[in-house]
Amino acid sequence: MPKAYVFTRYGGPETEAFVDVDRPSPGPGQLLVAVRAAGVNPVDWKIRSGYRRPGDSGDRVFPAVLGSEVSGVVAETGEGVEGFAVGDEVFGNTLTGGYAEYTLVPVAVAAHKPAGLSHAAAATLPVAAATAYDGVRQLDLGEGATLLVTGAGGGVGAAAVQIGRALGLKVVGVASEAKKDFVESLGAVHVVSGPGWAERARATAPDAVYDLVGGDVLAEAAELLADRTKLITAGAPEEEVRRLGGARVVRARDAAVLEVVARLVVDGDLDPHITGTFPLDRAGEALRTVEEGHARGKTVIEVAR
């Protein structure tokens with residue numbers, strides 16, 4: 001039977017386990033994908049801990065497979081699927097979890113993997129890069145405008161910096177001193193995070209803020225803007241940013257965005273910065289690397305053929 005890495009209830013790492021699972025059967029509009037790579041994201045351990053993303057019903061069935069993004073090969077197509085065939089290389093957001101040998105991917109959030117893109121790189125795009133792209137596009141800034149990104153050293157932040165630069169923006173990245181070289185290598189002006197960061201950033205005169213931290217950092221970032229409609233966050237709840245006059249990032253969650261970010265990688269404008277790869281049988285170790293904050297760039301689980 002296929003293997004998967006799951007969590008058996010809400011809680012900490014002690015809830016995780018490898019289990020044998022039935023091979024999923026694709027329903028209408030779905031692809032059964034033989035996974036070649038799965039991205040690892042902070043949201044994975046947050047969901048395991050009980051966090052609910054917007055739209056989550058809370059009716060989770062355990063054991064639940066971890067992971068939200070994959071790249072692989074179509075093994076079977078569901079009823080009514082058009083544009084995809086068995087053997088196609090695809091990537092996208094999963095319906096049944098990504099840390100597994102097989103998963104289901106709705107065609108609405110699946111795209112063909114370009115030949116010049118590795119499975120590992122493609123698996124990093126549906127969550128972090130797509131969120132970054134959605135946010136930068138939502139801000140609708142003109143070429144030459146200054147975008148400030150908080151949490152610029154993380155997966156979404158690093159992608160937002162690069163996408164902003166590719167669109168002709170000046171980008172300021174707020175991150176720890178330890179990530180200064182990394183942030184600057186992406187083409188951003190680095191501002192050290194921590195107490196007093198907002199005053200240090202004020203001199204850059206940002207036209208917009210893409211927040212990935214929330215809390216006090218979001219509130220301080222809002223004070224840097226004359227136009228609060230140019231304040232967005234993927235790091236705080238809707239009600240928190242609304243009080244400040246800003247908005248949550250509106251996710252497109254469609255194949256068109258996946259195709260755009262894949263093209264940015266192929267064209268050399270976006271580097272996923274994969275800094276750690278783990279085989280499926282070390283999925284727990286991969287997740288710990290992200291959960292404990294040791295990862296710089298993206299972490300990927302690779303699944304043997």
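Colleague: Which residue just after α10 takes a positive phi?
Modeller: That's G293, with a phi of about 80 degrees. Helices here are DSSP runs (H or I, at least four residues) and strands are E runs of at least two, numbered from the N terminus. Bear in mind this is a predicted model, where local features need pLDDT of at least 70, side-chain atom pairs count only at pLDDT 80 or more, and totals for chains, interfaces and linings use all residues. Residues are numbered from 1 along each chain as its sequence is written, and side-chain values use heavy atoms, with hydrogens and water left out.

Colleague: OK, new topic: how many aromatic pairs does a search of the whole structure find?
Modeller: Four. Rings of Phe, Tyr and Trp (its six-membered ring) pair if their centres lie within 6.5 Å; planes under 30 degrees apart are stacked, over 60 edge-to-face, the rest tilted.

Colleague: Where do Y5 and F18 lie?
Modeller: Y5 is in strand β1 and F18 in strand β2, so the pair ties together parts 13 residues apart in sequence.

Colleague: And Y5, buried or exposed?
Modeller: Buried, at 8% relative accessibility. The cut-offs are under 20% relative accessible area for buried, over 50% for exposed, and partly exposed in between (1.4 Å probe, protein chains only). F18 comes out partly exposed at 37%.

Colleague: What about F7 and F62?
Modeller: They form an edge-to-face pair, 5.6 Å centre to centre with 75 degrees between the planes. F7 is buried at 1%, while F62 is partly exposed at 32%.
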